[in-house]
Amino acid sequence: MPKAIKKKYISFILNGVNYEEEVDDRILLSDFIRINLGMTGTNIGCEHGICGSCTIHINGRAVRSCLSLAVEIDNCKVSTIEGISKKNQNLSIIQKNFKQYFALQCGFCTPGIIMTLSDYLYRNKNASEKQIKDVISGHLCRCTGYSSIIKAAIQSAKEINNNV
Ligand code: FES
Ligand code: FES
């Protein structure tokens with residue numbers, strides 16, 4: 001007999017805004033973000049933790065939202081690609097360089113890669129090219145062949161290190 005869905009109240013901060021929501025205890029965080037909260041910048045590809053397109057930040061760390069439940073963000077600080085720009089207006093350093101280096105085509109993978117880099121590059125100020133490639137290797141892109149993404153990431157690392 002299928003287990004009954006239970007509801008739970010959770011409170012969290014998403015992109016700087018306080019939320020209190022009633023959620024099904026088994027809804028995936030990726031679905032909750034897109035369907036309930038309307039943050040459709042978070043894309044869903046594989047739903048198995050492989051493609052990286054659903055990556056968001058929970059308490060500042062990159063997390064695959066398709067592998068989490070919505071109830072797990074209770075009392076957490078969450079960011080999606082919609083909240084990554086400076087004051088939600090200007091492009092972040094990484095977004096600016098993705099634009100500059102034409103590091104996207106269809107853009108499906110882009111929010112997830114930017115969320116991963118936004119976590120990693122600010123925590124690892126002197127990341128090498130190999131480390132950056134290793135981090136990006138956790139994301140699948142069907143369009144760009146990765147070289148423009150890597151160039152944008154390396155330039156972003158330089159600017160973040162120099163506090164440009
Ligand atoms: S949709 Fe989450 S890793 Fe692919
Ligand atoms: S730009 Fe199309 S999947 Fe990466």
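In α2, I93, I94, N97, F98 and Q100 meet A152, Q155, S156, E159 and I160 of α5; two residues are in contact if their C-beta atoms, placed from the backbone, lie within 7 Å. Five of the residues in this contact of α2 with α5 are nonpolar, four are polar and one is charged. Here Ala, Val, Leu, Ile, Met, Phe, Trp, Tyr, Cys and Pro count as nonpolar, Asp, Glu, Lys and Arg as charged, and the others, Gly among them, as polar.

The model is predicted: local features need pLDDT of at least 70 and side-chain atom pairs count only at pLDDT 80 or more, while totals for chains, interfaces and linings use all residues. Residues are numbered from 1 along each chain as its sequence is written, and chains are lettered from A and ligands numbered from 1 in the order in which they are written.

Helix α2 spans residues 93-100 and helix α5 residues 147-161; they pack at an angle of about 140°, with their axes 9 Å apart. That makes α2 oblique to α5 (angles under 35 degrees count as roughly parallel, over 145 as roughly antiparallel, 65 to 115 as roughly perpendicular and the rest as oblique). Axes are lines fitted to C-alpha atoms, for helices over the stretch in contact, and angles run from 0 to 180 degrees between N-to-C directions.

An automatic or database domain assignment divides the protein into domain 1 (7-83) and domain 2 (93-161). Their centres, taken over C-alpha atoms, are separated by 22 Å. In domain 1, 15 residues are in contact with twelve residues of domain 2. On the domain 1 side, β3 (55-58) and β4 (61-64) each supply at least two residues, and β3 gives the most, with three.

How values were computed
Helix = DSSP H or I, 4+ residues; strand = E, 2+ residues; numbered from the N terminus.
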